[in-house]
Amino acid sequence: SLNRGPVVLAGGILRGIEVLRSLVIANVNRALPEADVRVLDVEPAIGAARLALALAAGRPAIPTYIDAV
């Protein structure tokens, strides 16, 4: 069930404003009590750069996602 999956929050505002981050996390926890809520610890562009480097090196890396509903 998607209710138990990870919810990853990203963005400078969420990382930079603790009150906003706490409110968003509390609301997500209220709506999805079984979800694993966390804040992304790297910039989203890092993942895109890693994928591009792997492709350029001839090792295309396809991310694994939770099964679609």
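Asp 36, in strand S2, is the bridge partner of Pro 6. The model is a predicted one, in which local features need pLDDT of at least 70 and side-chain atom pairs count only at pLDDT 80 or more, whereas totals for chains, interfaces and linings use all residues. Residues are numbered from 1 along each chain as its sequence is written, and side-chain values use heavy atoms, with hydrogens and water left out.

Strands S1 and S2 (residues 36–39) run parallel and are joined by four bridges. In S1 (residues 6–9), Val 7 and Leu 9 form the covered face, while Pro 6 and Val 8 form the uncovered one. The protein chain contains three helices and two strands (DSSP runs of H or I with at least four residues, and of E with at least two, numbered from the N terminus), and their pattern along the sequence is β-α-α-β-α. Of the 69 residues in the chain, 13% are buried (under 20% relative accessible area, with a 1.4 Å probe and protein chains only).

Arg 21 is located in helix H2 (residues 18–31). This residue is buried but has no salt bridge, the nearest side chain of opposite charge being that of Glu 18 at 4.2 Å; a salt bridge would require a side-chain nitrogen of Lys or Arg within 4 Å of a carboxyl oxygen of Asp or Glu. A polar atom of the Arg 21 side chain instead lies 2.8 Å from the backbone oxygen of Leu 14, and the side chain of Arg 21 also reaches the backbone oxygen of Arg 15 at 2.9 Å. With residues up to four places away in sequence not counted, Arg 21 touches Leu 14, Arg 15, Gly 16 and Val 39 (heavy atoms within 4.5 Å).

Key: Buried means under 20% relative accessible area, exposed over 50%, partly exposed in between (1.4 Å probe, protein chains only). Two strands pair if DSSP finds at least two bridges between them. Lys and Arg count as positive and Asp and Glu as negative; His and the chain ends are not counted. A polar contact is a pair of N or O atoms within 3.5 Å; within protein, one must be able to donate a hydrogen and the other to accept it, and residues adjacent in sequence count only if both atoms are side-chain atoms.
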